[in-house]
Amino acid sequence: MSVSKAREEWSSFDLLLVLACILCIVVTVKISRYVKRRPKHRSVAVLVLGDVGRSPRMMYHAESFAKLGFRTHLVGYKGSKPVSSLTSLPHVHVHHLSEPPTFFRRVSFGLFALVKIAYQTISVLYTLMFSITYPPEFIMVQNPPSIPTLALVWFVGWVRASKVIIDWHNLGYSILALKLGRAHPFVMIAKRFEEIFGRSAYAHLFVTRAMRDHLVSNWNLTGRMAVLHDRPPSHFHKCLPPEVHELFIRLGPSLKDPSLTDFLPKPNVPYSTEFTMTSWPSRESRISSQYSQINMPNTSWTPDEDFDTLLEALQLYEERARAVNDGPQSSPTERLPKIWMVITGKGPLQAMYMSRVARLQEKWAFVRCSSLWLEAEDYPLLLGSADLGICLHASSSALDLPMKVVDMFGCGLPVCALDFKCLPELVKDGRNGMVFKGSRELADQMEALLKSFPSSTRLESLRSSLRGADKLPDTHSNSDGVDWEWCSWADNWNRIVKPLVLRNVEHLD
């Protein structure tokens with residue numbers, strides 16, 4: 001190759017190199033100017049690394065921000081439809097994250113976890129840095145999951161000068177420990193990651209006092225701190241007979257299972273459903289008293305809910321109902337009703353347990369158990385139509401509370417709940433519900449509450465307590481949670497979170 005030709009090639013290479021450097025400088029300056037924009041006041045990004053429509057607390061946060069006049073960006077995965085009370089509000093924008101291709105689910109757990117984290121990192125960063133054009137004043141993130149969200153919002157908050165609010169629902173590493181064991185290296189790494197990136201934030205919200213006390217004393221959190229107990233939105237209520245009638249007309253197609261058609265009364269729509277009857281021409285609806293509906297709502301079908309306890313309790317109830325109802329000395333005051341147990345939600349253990357239910361109820365005469373998937377608007381109506389609720393939530397950290405119990409209380413539904421460390425912050429045994437430790441105790445409580453149904457004095461006592469609960473909590477309630485306080489989500493949020501997010505607003509755009 002001649003010297004002159006070599007010089008020409010090097011000159012061309014130098015020119016390309018110079019042009020590439022100029023392009024990099026221009027892009028860097030543009031990005032720098034973009035990310036250094038001043039945060040826009042009255043704006044918030046609410047991040048949940050899960051199905052947006054199945055994350056009620058984060059939807060309620062977003063709705064509360066929007067009603068306060070904030071431009072609200074709700075970020076999460078596409079799945080269930082968010083509640084209409086949120087999506088109908090102005091200035092609410094939903095951003096869906098991308099998910100890894102499904103074929104990655106066939107690889108090993110470790111490899112899939114790495115691929116999933118990589119996808120989440122790219123998707124979350126792109127959404128928070130570029131899809132949301134102006135830096136939000138606040139970024140609120142749900143924890144768990146902790147990896148990689150806590151590190152990502154810390155980075156974005158630092159780059160875009162946004163204030164980070166961590167909403168502590170539970171401890172992420174404790175959930176991972178259910179699958180891998182507390183001594184597993186991944187669990188120890190996850191705990192350290194959560195501690196480092198969750199330590200500092202503009203504000204920390206906690207679902208229980210126990211969680212606040214634990215994290216403050218063990219992880220030395222910095223920032224503003226407040227306990228925000230879960231509360232239901234205002235549209236959760238005890239349903240009137242016409243509402244129950246309309247609900248079961250809509251649910252009719254979901255109740256065609258042969259085990260139910262031979263168990264529940266046959267409907268004659270629109271005059272009657274499985275649980276209601278309507279008088280004509282007055283069109284006055286009334287609820288049947290022959291069957292009791294028991295709900296176990298919003299179930300994740302994961303190991304932190306002990307379904308074996310439920311099935312054993314239902315078997316015991318079946319045996320006792322046969323004994324008291326079919327015995328020669330049967331008394332009306334001792335009789336037990338037939339019960340329809342409704343479990344709502346989706347999860348990995350659903351198919352296994354429902355197949356066991358199918359085998360068991362072939363021999364049952366007084367108990368049926370069904371799994372239903374409901375639209376968000378029908379979920380509170382089903383709770384509001386039920387007679388008793390059951391909660392099997394066993395906290396992985398013993399520091400969180402089951403939101404499903406909050407939903408049931410909002411619908412005036414007494415609950416039997418599995419006991420764990422901080423449950424007394426929500427369920428007052430014998431006052432708004434009952435607490436059990438095993439299947440036999442649960443069966444005893446079901447029998448005591450449903451005896452002589454629908455005229456059960458003990459069940460009515462719990463209902464009366466829920467009806468008579470104060471609508472606005474005492475702001476000076478005891479720190480140990482002895483007094484039972486109650487209010488709506490909006491009242492609670494405005495009392496606790498509103499002062500945190502309006503404190504430093506200098507002007508309104």
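**Group meeting talk: a walk through the model**

Okay, let's start with strand 2, residues 71-77, which is mostly covered: six of its seven residues are buried. Buried here means under 20% relative accessible area, exposed means over 50%, and partly exposed is in between, with a 1.4 Å probe and protein chains only. Strands and helices are DSSP runs, numbered from the N terminus: E for strands, at least two residues, and H or I for helices, at least four.

Before I go on, this is a predicted model, where local features need pLDDT of at least 70, side-chain atom pairs count only at pLDDT 80 or more, and totals for chains, interfaces and linings use all residues. Residues are numbered from 1 along each chain as its sequence is written, and side-chain values use heavy atoms, with hydrogens and water left out.

Back to strand 2: it runs parallel to strand 3, residues 92-97, and six bridges join them. Leu74 has Val94 in strand 3 as its bridge partner. Two strands count as paired if DSSP finds at least two bridges between them.

What is its strand order? This open sheet has six strands, in the order 12-11-10-13-14-15, with parallel pairing. At the edges sit strand 12 (367-372) and strand 15 (433-436), each pairing on one side only. On average, neighbouring strands in this sheet are turned by 20 degrees against each other, direction ignored. Angles run from 0 to 180 degrees between N-to-C directions, using lines fitted to C-alpha atoms, for helices over the stretch in contact.

Look at strand 10 (residues 291-296) and strand 11 (residues 338-344): they pair in parallel over six bridges, with Ile294 opposite Met341. Helix 11, residues 307-326, lies across strands 10, 11, 12, 13 and 15, and runs at about 170 degrees to strand 11.

Next, Leu383, in helix 13 (residues 379-385). Why does Leu383 count as buried? Because its relative accessibility is 1%. Beyond its neighbours within four places in sequence, Leu383 is in contact (heavy atoms within 4.5 Å) with residues including Phe236, Asn295 and Met408. Its C-alpha atom is 7.8 Å from that of Lys238, 145 residues apart along the chain.

The Asn143 to Pro144 peptide bond is cis, omega near 0 degrees, and Pro144 is in the loop between strand 4 and helix 5. Phe453 to Pro454 is cis too, with omega near 10 degrees. Ala161 has a positive phi, near 60 degrees, and is partly exposed at 48% relative accessible area.
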